[in-house]
Each structure stands twice: as C-alpha cells, then as structure tokens.
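Visitor: Hi! Could you walk me through this one, a bit at a time?

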Amino acid sequence: AAEGVAVALQHLDLLLDEIVIHFHDEEQLLASVGYPDAADHARIHGTLLAEATNLRDRMQAGTATLGDTFDFVAHDMIAGHMYQEDRKFFPFFKSRKG
C-alpha cells in the first residue's frame, strides 16, 4: 500500500507542476490582453493551488485518499474552475480582432 501511495504522490507532484505552469501562463495571457477580472482570476488560482498542495500533504500524511484527489481534480479544478471560471473570459477573446 505504501508503494502505491508513493507512486500516486509522484504523479500528483507532476500534476501540481503542470498546474503551476498552466496558471502562470494563463495569468500572463489574461493580463497581456487586459482582461478586467485578471486579478480576481489569479486569486482563484492561488486558492486552488493552496488547496491542491494541502491535499497533497494530507495524502502523504495518510489523511487523504486517492479518491479525495480525484474528487478535487474532477470537481474543483475541472467542473468548478475550467467549466465555470475559465468560461467567463472566453467571450472576451472571441470578440477580439487580430
């Protein structure tokens, strides 16, 4: 069981690295085009990253499960953030010429 947790943590660390890069790139893009809610969106990213890091630490400590991690990624990151928050800036980009 400990080996499975170690492997899961390695994958979670890789995912966290990708999330950090994605959030950074997205924040730069939003700022560069003058998205009016860029600062609020960056704060949401910070909250999500803090929650993900906390979940990773709890998983390592044995107080969170792989299922908790899946729930966070599926519910908070994908359904909550990508499908709700990120969609708020889509019309802004569609209306831009260039």
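Guide: Happy to! Let's begin with Leu-48, which is found in helix α2. Keep in mind as we go that this is a predicted model.

Visitor: Okay, is Leu-48 buried or exposed?

Guide: Leu-48 counts as buried, because its relative accessibility is 8% and the cut-off for buried is under 20%.

Visitor: And what is Leu-48 in contact with, leaving aside its neighbours within four places in sequence?

Guide: With those neighbours set aside, Leu-48 contacts Phe-23, Phe-72, Asp-76, Met-77 and His-81.

Visitor: How far is Leu-48 from Ile-21?

Guide: Their C-alpha atoms are separated by 13 Å, and the two residues sit 27 residues apart along the chain.

Visitor: Which other residues of α2 are buried?

Guide: Besides Leu-48, the buried ones are Ala-38, His-41, His-45, Ala-52, Leu-55, Arg-56 and Met-59. The cover over the buried residues of α2 includes α1 and α3.

Visitor: How many residues does α2 have, and how far does it reach?

Guide: Helix α2 has 24 residues and spans 35 Å from first C-alpha to last, close to the 34 Å expected. After α2 comes Gly-62, with a positive phi near 90°.

Visitor: Now the packing. How do you describe two packed helices?

Guide: You give the angle between their axes and the distance between the axes.

Visitor: So at what angle do α2 and α3 cross?

Guide: They cross at roughly 175°, and their axes come within 10 Å. Angles over 145 degrees count as roughly antiparallel, so α2 and α3 are roughly antiparallel to each other.

Visitor: Which residues make that contact?

Guide: From α2 there are His-41, Ile-44, His-45, Leu-48, Glu-51, Ala-52, Leu-55 and Met-59. From α3 there are Leu-66, Asp-68, Thr-69, Phe-72, Asp-76, Met-77, His-81 and Glu-85. Sorted by class, the contact of α2 with α3 has eight nonpolar, four polar and four charged residues.

Visitor: Let's pick Thr-69. Where is it, and is it buried or exposed?

Guide: Thr-69 is in helix α3. It is buried, with a relative accessible area of 7%. Not counting residues up to four places away in sequence, Thr-69 touches Leu-12, Leu-55 and Met-59.

Visitor: What about α1 and α3, at what angle do they pack?

Guide: Helix α1 (residues 2-32) and helix α3 (residues 66-85) pack at about 15°, with their axes 12 Å apart. That angle makes α1 roughly parallel to α3. Their crossing is left-handed.

Visitor: Which residues meet there?

Guide: Ala-8, Leu-12, Leu-15, Ile-19, Phe-23 and Glu-26 in α1 meet Leu-66, Thr-69, Val-73, Met-77 and His-81 in α3. Grouped by class, the contact of α1 with α3 has eight nonpolar residues, two polar and one charged.

Visitor: And what do the buried residues of α1 pack against?

Guide: They pack against α2 (38-61), α3 and α4 (90-94). Among the buried residues of α1 are Leu-9, Leu-16 and Leu-30. Helix α1 has 31 residues and reaches 45 Å from its first C-alpha to its last, close to the 45 Å expected.

Visitor: Last one: where does Gly-34 lie?

Guide: Gly-34 lies in the loop between α1 and α2, and takes a positive phi of about 75°. Gly-34 is partly exposed, with a relative accessible area of 47%. Its C-alpha is separated by 18 Å from that of His-45, eleven residues apart along the chain.

Conventions:
Residues numbered from 1 in each chain as written. Predicted model: local features only at pLDDT ≥ 70, side-chain atom pairs only at ≥ 80, totals over all residues. Heavy atoms only, no water. Axes fitted to C-alpha atoms, helices over the stretch in contact; angles between N-to-C directions. Helix = DSSP H or I, 4+ residues; strand = E, 2+ residues; numbered from the N terminus. Parallel < 35°, antiparallel > 145°, perpendicular 65-115°, else oblique. Left-handed = near helix turned anticlockwise from the far one by under 90°. Contact = heavy atoms within 4.5 Å. Nonpolar A, V, L, I, M, F, W, Y, C, P; charged D, E, K, R; others polar. Expected span 1.5 Å × (residues − 1). Buried < 20%, exposed > 50% of the residue type's maximum accessible area, 1.4 Å probe, protein only.
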